[in-house]
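Welcome! Could you walk me through this structure, telling me what to select next and what I will find there?

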Amino acid sequence: MQNNSIQVKGLQKSYKQLNVLKGVDFEVEKGSIFALLGSNGSGKTTIVKILTTLLKQDSGTAVVNGLDVLAKPANVRQSISLTGQFAAVDEILTGRENLIMIARLRHLSNPRQVADDLLNRFGLTDAAHRRASTYSGGMRRRLDIAMSLAGRSPIIFLDEPTTGLDPEARIEVWKMVRELATNGTTVFLTTQYLDEAEQLADQIAILHEGRIIVSGTLADLKKLFPPAQVEYIEKQPTLEDIFLAIIGKKEKN
Ligand SMILES: Nc1ncnc2c1ncn2[C@@H]1O[C@H](COP(=O)(O)OP(=O)(O)O)[C@@H](O)[C@H]1O
Ligand SMILES: [Mg+2]
């Protein structure tokens, strides 16, 4: 029980006639990286919204940090942070100003210190005084995630954190996600990318047609689908390998 940050049972949700979630079950272990994998429109954001109290389920239960989302929404909100699919960064402000603003909104006692610590942690110190509009995609996403972390929550929700990013920026975000988990934060992320789940997640759950069709570690999932036959072929680098080799940033496995 205490080992789980999130427990979801029999979750159902429809938008009018559209039956999106038809009984979703899963659990997320404390301090782990959990990837909810599903194609566009499969209901990932709907689940994130229910877990972060932005939307109410029709039936089923969701417990976040030991708190039922329907019974204790305010307490749930205090124990989580959320980075949405679309960045909340204010383009006109500098990175530092964005962070100070969010720290003030959260009534943190030393907004400047909070901002400087986060800039440092996310490798944005050199860019602190530049307007966010001048940031690269990866920097902007890091700033966005840094903003959601002001105040330090035990659970972070990242809804498609790398959609629309170039390969280099994706790797920056992956690195940061790993750092979060290393520091004990539970990371719940959604993705449409198999390789992202493969690279990052301790646990993977695949959402398809309203249900979790498989879940487990990558090793568990691989056992479900053993290779049909052994073929001896030379492994060709992927386009991404080539691109990253050229620009000199190779992800370590
Ligand atoms: N507020 C809404 N009203 C009606 N339909 C919605 C609403 N939000 C999402 N949907 C639909 O529900 C389905 C799941 O959406 P969503 O949870 O955003 O999927 P995902 O995040 O996996 O792409 C989609 O078909 C989407 O069009
Ligand atoms: Mg979505």
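This is a predicted model: local features need pLDDT of at least 70, side-chain atom pairs count only at pLDDT 80 or more; totals for chains, interfaces and linings use all residues.

Asp159 is buried, because 21 other C-beta atoms lie within 10 Å and 20 or more are enough to count as buried. Colour strand 7 (residues 155-159) and you will see that Asp159 belongs to this strand.

Zoom in on strand 1 (residues 4-15) and strand 2: they run antiparallel and are joined by nine bridges. Within this pair, pick Val8 and look across to Phe26 in strand 2, which stands opposite.

Now for the largest nonpolar core, which has 61 residues; Ala35, Leu51, Val64, Leu99 and Leu118 touch the most other members. Helix 5 (residues 137-149) supplies the largest share of this core, six residues. In soluble globular proteins, nonpolar side chains tend to be buried together. Select Val64 to look at one member's surroundings: beyond its neighbours within four places in sequence, its contacts include Ile6, Leu51, Ile80 and Ile155.

Finally, go to helix 9 (residues 239-247). How many of its nine residues are buried? The count is zero, so this helix is hardly covered. Step just past helix 9 to Gly248, which takes a positive phi of about 80°.

Methods:
Residues are numbered from 1 along each chain as its sequence is written. Chains are lettered from A and ligands numbered from 1 in the order in which they are written. A nonpolar core is a set of buried Ala, Val, Leu, Ile, Met, Phe, Trp, Tyr and Cys residues joined through C-beta atoms within 7 Å. A residue is buried if 20 or more other C-beta atoms lie within 10 Å of its own, exposed if 12 or fewer, and partly exposed in between; C-beta atoms are placed from the backbone. Helices (H or I, at least four residues) and strands (E, at least two) are DSSP runs, numbered from the N terminus. Two residues are in contact if their C-beta atoms, placed from the backbone, lie within 7 Å. Two strands pair if DSSP finds at least two bridges between them.
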